Amino acid sequence: MELWQQMIRNSVHSVDQLVEKFGIDRKVAEDLDEFFQARINPYYLSLIRYPGDPIWKQCVPDKLELEDMDGFEDPLKEDEMSPVPNITHRYPDRALFLTTSQCGMYCRFCTRKRKVGNSDKISMKELESAFNYLEQHKEIRDVILSGGDPLMLTDVMLEKILARLRKIPHIEIIRIGTKMPCVLPHRITPKLCDMIKKYHPIYVNTHFNHPWEITPESTKACEMLVNAGIPVGNQAVLMKGVNDDPEVLKELFLKLLKIRVKPYYLFMADETKGTNHFRTSIDRGIEIMDKLRGYISGLAIPYFVIDAPGGGGKIPILPQYVLHRDENRIVMRNYKNEVYVYRDVKDEYERANKISVEIIDKKNGGSKKPKNYKNIRTIKIPEYETVEN
Ligand code: SF4
């Protein structure tokens, strides 16, 4: 048995352990276990610094999970978009392929907890119909292996899946969605990397949410993947009490870049049953993004997205940078709230007559002139309110 498998065996998972280790009331622990089982492996457990810290919140069951009456089992309607077992086909040219129900840790905020935990939630017996579907649908260029966590499969089983996918000529890209580099980095072994790199182009998207998760072990795991020629991106979830703070996310994104992981998405938390206590306001998310853009490298800035409830897919959300747009120009603010005008190609009239825009600052009562045009006729844009930095 490999070290990582041994660590899975040694995870905190039983009701008795939840009561003893975390002081959870036995009845509550039993109800939580029934709702969504726990798995906290010894590595991730060792990252906890104090009760209730951002690591604890992500892995230790909380009675607040049982008080959420509003959430959905399947907020993204993945099951309705599943033409055959184990496949979700939502976007035109890519498909999600669920390969296992197991994970290195069970995250309390998981969107897919209806599929995760018990091995019967995702059946390995159904893989053949999934391969057949992928073979028949020539529009699918990109397959995302997910679950659960595909790196919970043995190297042999994962290689069987990769080899089979590589035999399908229209599949150009294979992506592996895995939280292992973060929650159990010991899974990333030289043997695994040597196997994966035979099936390029392979991309990995991993899932770090807090800078404390970037340790010597997780750094080594990500570097091994990148050194095997695998581009690694990160998908984080914005969560109250975990990372809903611009300084925390700035540190996380900059540290990810240093270990050669590109911050790819920052998600608003899904409306998943049992996760209401993790959700932040949309305004808070936008405010955080506003405090990142311009202050740190664009390379470190992920797309901030809402995965649309009901299966609409990922929709990017941006702070309001466009103050006004008409057929001749766009008026924008930058990260310092300075105003600039960019003339559209149709702007012959304005080029001849100079441009004038005045921004009325509703909040402070004054007005602003664009930095790059000073004189002139005025277009008032009274909607503008300053955003405080
Ligand atoms: S690793 Fe992913 S699928 Fe598994 S519990 Fe965590 S969020 Fe859910």
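Author: Burial is judged by counting neighbours: a residue is buried if 20 or more other C-beta atoms lie within 10 Å of its own, exposed if 12 or fewer, and partly exposed in between, with C-beta atoms placed from the backbone. This is a predicted model, in which local features need pLDDT of at least 70 and side-chain atom pairs count only at pLDDT 80 or more, while totals for chains, interfaces and linings use all residues. Residues are numbered from 1 along each chain as its sequence is written.

Reader: How does K220 count by that rule, and why?

Author: K220 counts as partly exposed, because it has 15 C-beta neighbours inside 10 Å. K220 lies in helix 10 (residues 216-227), where helices are DSSP runs of H or I with at least four residues, strands are runs of E with at least two, and both are numbered from the N terminus. From K220 to I259 the C-alpha to C-alpha distance is 8.4 Å, although 39 residues separate them in sequence.

Reader: How many helices and strands does the chain have, and what percentage of its residues is buried?

Author: There are 13 helices and 14 strands in the chain, and of its 389 residues 37% are buried.

Reader: How should I read the contacts along the chain?

Author: Two residues are in contact if their C-beta atoms, placed from the backbone, lie within 7 Å. Of the contacts in this chain between residues at least 6 apart in sequence, 72% join residues at least 24 apart.

Reader: In what order do the nine strands of the open sheet stand?

Author: Strands pair if DSSP finds at least two bridges between them. Here the nine strands follow the order 1-2-3-4-5-6-7-8-9, in an open sheet with mixed pairing. Strand 1 (87-91) and strand 9 (313-316) are at the edges and have a single partner strand each, so one side of each is left without a neighbour in the sheet. Neighbouring strands of this sheet are turned against each other by 30 degrees on average, direction ignored; for such angles, axes are lines fitted to C-alpha atoms, for helices over the stretch in contact, and angles run from 0 to 180 degrees between N-to-C directions.

Reader: Which strands pair with strand 6, and is strand 6 enclosed or open?

Author: Strand 6 (residues 232-238) is largely enclosed by the rest of the structure, because five of its seven residues are buried. Strand 5 (residues 202-206) runs parallel to strand 6 and is joined to it by three bridges, with T206 having N234 as its bridge partner. Strand 7 (residues 261-268) also pairs with strand 6 in the parallel sense, over seven bridges, and here N234 has P263 as its bridge partner.

Reader: How many bridges join strand 8 to strand 9?

Author: Four bridges join strand 8 (residues 303-308) to strand 9, and the two run antiparallel; in this pair V305 stands opposite P316.

Reader: What is the order of the open sheet of three strands?

Author: Its order is 10-11-12, with antiparallel pairing. Strand 10 (322-325) and strand 12 (339-343) each have a single partner strand and stand at the edges, so one side of each is left without a neighbour in the sheet. From one strand to the next, the twist averages 20 degrees. Three bridges pair strand 10 with strand 11 (residues 329-333) in the antiparallel sense, and R325 has I330 in strand 11 as its bridge partner.
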